[in-house]
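Colleague: I'm new to this one. Can you walk me through it?
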Amino acid sequence: MMSQSLIHARGLTKKFGDFTAVNGIDFDVIKGESFGLLGPNGAGKSTAMRMIGATSQRTSGDLTILDKDPDQFGPQIRAHLGVVPQQDNLDTHLSVTDNLYIYGRYFGLSRKFLKGKIEELLSFAQLEEKRNAKVESLSGGMKRRLTIARALVSEPEILMLDEPTTGLDPQARHILWDRLFRLKEDGVTLLITTHFMDEAEQLCDRLVVMDKGAIMAEGSPAQLIKDYSTKEVLEVRFGSERNAHMADDLRQLCDRIEELPDRILMYTEDGEELLERVYKKGFHPKTSLVRRSSLEDVFLRLTGRTLID
Amino acid sequence: MSSLQTRQGSLKIVDAARVAARGALFVTEARLRAMVKWVWLIISIAIANPVLYLVSIGLGLGSYIDENTGAMGVDGVSYLTFLAPALLATAAIQGAMDESVYPTLEGFKWDKTFFSMNSTPLSGNQIAMGVFFNSLIRTIFTAVLYWLVMLAFGVLDSPRAWLAIFTAVMAGAAFGAFMQALAGFLENENVFFTIVERFIIMPLFLFSGTFYPLTNMPIFLQWIGWISPLWHATELGRWLTYGSEISTPMLLLHFIFLNSILIFGLIASRRIFTKRLGK
């Protein structure tokens, strides 16, 4: 149903001079879902986000957000979006509380409303003890949580997160994922860009795989893995010199292989069984690992490259 | 446990029309909130600046000049009286610059706060106006304090001398708006500091009839004063503070020039801010 589509893009394109950053992408984001743009750095994700955020003007194509054209109704659309940019742009002169306060004021919210809302947000972002701290003194994870809390101050219809956990250590990432998962459970519509396949698998109901400004595939993480990869993957290492030499022999043993600089990936429905056959043939990898297919494998299949260079 | 209320679209709490009408003031409010934290620095600069200049150049250099020209030797008044209105306008311009150039560079480049403002219903026009209002407040504050120090130094001879505050603020606003546009336009801030400050702002200060009448300059250098808001404000200030002679057409010209720069600066700022944020 069209009316459920909060974001609707057809042939969405953005050019900077001769360079095409986003090249005719089509997608819809449905109310209540968590939608992802997965792709490596430079795939055009952030540019797409800035167009959807009704700040950057598109070069061509159709785009409606909440049934409105951002070229004509930028401020009205932005009134209902919560934006978490890739780079935290908090006001470094102000405290944690003041950052939430002034951002709320930009939406024209009253002081009285903000007083209560700020308490809610401090609790959500686990920053109650840092309420009077200056932004500069916060850790990377805390800044990120504050930026997310700030984006929620206006109770937006869509929360947009551009690379939410890039640059964070594993523990900080997990805390952040937990917060985002709560929002998802509450039914907040999320739009997330990431170049981490684990993040996409954890947070996204549906996603598009982007590369060089274009969409390569679309679906749920499980469906994409099913469509573009096998159930399991056997990773074998023979040492960097022998890997290339072994590839031709290994290719005979399974449906498909991918050669990476440090290892060979063998695609199969049953990894253990394949490993047995590798040994039977008399090949002895230095290390071997059987794992389930991931979105990384989907990306590799679609583009021949890995997500993180 | 999280107690966050996410009323997904069920309650539209944002009033876009309210932001459309008053958005620039929200931008100003945010900056004022930050400025309060260094308000003592702002006050100290606003007072120390006139005191240091008036004592060192006005009294120090002034007594030397007055010795040679007589107590009423420069434009019919003492050197200190002659110099003070020019320094008032200079201070107003300096205050305006501080609050327009730095926040603009910070907003676009250092902290990127303009981009966060622009992700709310605020528009580029409103952000530009908010920054301008802020610099206007700082300019008025600086000019009033400067004027009070001048009063203490006894260099205000005319009953209408208080009006010099307005002409100084006018110069500050015009220069500030223009420099705000320029700071938004030059995406590389080093260009601003190395070229604009040294080769535009500095000569404007030195060749604007600040320390001696502009007519003392050879005719081929006088044009610098003519394009400088500082000279126009200084001429108006001298007329207001000690009744320096000025013809009516010149009076009008000074007013029209300063206000034209102001309007040009504001229009340019709004366009540049909107364009740069919409890239």
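Modeller: Here is a short tour, chain B and then the sheet of chain A. This is a predicted model: local features need pLDDT of at least 70, side-chain atom pairs count only at pLDDT 80 or more, and totals for chains, interfaces and linings use all residues. Residues are numbered from 1 along each chain as its sequence is written, with chains lettered from A and ligands numbered from 1 in the order in which they are written.

Colleague: How many helices and strands does chain B have?
Modeller: Chain B has 10 helices and 0 strands. Helices (H or I, at least four residues) and strands (E, at least two) are DSSP runs, numbered from the N terminus.

Colleague: And how much of chain B is buried?
Modeller: 48% of its 279 residues. Buried means 20 or more other C-beta atoms within 10 Å of a residue's own, with C-beta atoms placed from the backbone.

Colleague: What about α6(B)?
Modeller: Of its 22 residues, 20 are buried, so α6(B) is largely enclosed by the rest of the structure.

Colleague: Switching to chain A. What is the strand order in the open sheet?
Modeller: The order is β5-β6-β7-β3-β8-β9 in chain A, 6 strands with mixed pairing. Two strands pair if DSSP finds at least two bridges between them.

Colleague: Which strands stand at the edges?
Modeller: β5 (81-84) and β9 (214-219) of chain A. Each has a single partner strand, so one side of each is left without a neighbour in the sheet.

Colleague: In what sense do β5(A) and β6(A) pair?
Modeller: Parallel, over 4 bridges. Leu81(A) has Ile158(A) as its bridge partner in β6(A).

Terms used. Buried ≥ 20, exposed ≤ 12 C-beta atoms within 10 Å, placed from the backbone.
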